[in-house]
Amino acid sequence: MSETSPAVDPAAAATAAPAAGARAADSAAASGEETPADGRREPARVVGMPLVARRAVGPVVGVMSTLYAADATHPGWWGGLVVPLGGALMALLAFSRDFTWQIGQDRDGLVLTSALRARRWSWDEVKGASARGSTLTVRFTDGRQVSVRNWSTRVDGVRLNPGGFAVLMADVVSASARSPQRRPAEVLPASAVGRPQLLLNRLSLAVLVLVTLGCRFLQQP
């Protein structure tokens with residue numbers, strides 16, 4: 001015995017398709033799922049200065065700064081300790097900040113490193129970013145700004161020139177700050193940003209201070 005399928009009304013089918021799509025969208029929204037409007041979600045990534053620079057700059061500048069500060073021969077405390085130690089500290093911090101920085105981007109926000117620490121900002125705190133030459137500036141809702149100057153960096157396996165990197169990351173950060181649908185779906189591990197440079201920079205700073213103070217006290221009659 002053969003069965004005959006009921007006829008399908010084209011008008012009813014046309015009406016049912018959008019309704020089914022709306023129900024699917026409502027179901028996805030209810031479950032907390034988000035799909036990027038343009039089908040393109042940014043990956044979780046860590047970018048920054050090359051590993052060799054992040055490993056070497058802190059110790060190398062630290063040794064040079066320590067030799068400079070410890071070699072001071074001025075008899076007074078100001079000229080013999082404060083001035084050389086202060087100059088050495090500023091040089092170490094400035095070089096470490098400019099040559100060992102990293103930026104991490106994941107589902108929860110941005111992680112940026114300075115010379116001695118890594119700090120996380122949620123996406124709600126990020127206002128946007130801009131590029132000027134080789135400098136990338138990230139702006140926050142409280143009015144603060146953090147700028148990094150790039151030399152040559154790989155992003156997703158592609159090496160970009162300084163200007164290209166700044167423009168790309170400014171677009172990525174700004175888009176993620178504006179649209180939750182563009183933000184990465186993954187969370188970076190805690191160790192993904194700041195290693196090994198933060199530990200090396202801190203050790204270099206500690207050695208600089210301790211050696212300089214030790215040499216100064218040993219020179220006292």
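The largest pocket in this structure, which is a predicted model, has a volume of about 280 Å³. Of the 15 residues that line this pocket, the closest to its centre are Arg97, Thr113, Ser114, Val146 and Ser147.

**The largest pocket**

- Two or more residues of the pocket lining come from each of H3, strand E3 (109-113), strand E4 (118-122) and strand E7 (145-149), and among these elements E7 gives the most, with four residues.
- When the lining of the largest pocket is sorted by class, six residues are nonpolar, four are polar and five are charged.

**The largest cavity**

- A search of the whole structure finds one cavity of 30 Å³ or more, and the volume of the largest cavity is about 40 Å³.
- The residues that line the largest cavity are Ala69, Ala70, Ala72, Gly80, Thr212, Cys215, Arg216 and Gln219, and by class this lining has four nonpolar, three polar and one charged residues.
- Helix H2 (51-70) and helix H5 (197-218) each supply at least two residues of the cavity lining, with the largest share, three residues, coming from H5.

- Val82 belongs to helix H3 (residues 77-99), and Val82 counts as partly exposed because its relative accessible area is 40%, a value that lies between the limits of 20% for buried and 50% for exposed.

Definitions and conventions. Residues are numbered from 1 along each chain as its sequence is written. This is a predicted model: local features need pLDDT of at least 70, side-chain atom pairs count only at pLDDT 80 or more; totals for chains, interfaces and linings use all residues. Side-chain values use heavy atoms; hydrogens and water are left out. On a 1 Å grid over the protein atoms alone, a cavity is a set of points where a 1.4 Å probe fits but cannot get out, and a pocket is an open set with protein on both sides within 12 Å along at least five of seven lines; lining residues have an atom within 4 Å of a point. Grid points are joined across faces, edges and corners, and a volume is the space filled by probe spheres set on the points. Ala, Val, Leu, Ile, Met, Phe, Trp, Tyr, Cys and Pro count as nonpolar, Asp, Glu, Lys and Arg as charged, and the others, Gly among them, as polar. Buried means under 20% relative accessible area, exposed over 50%, partly exposed in between (1.4 Å probe, protein chains only).
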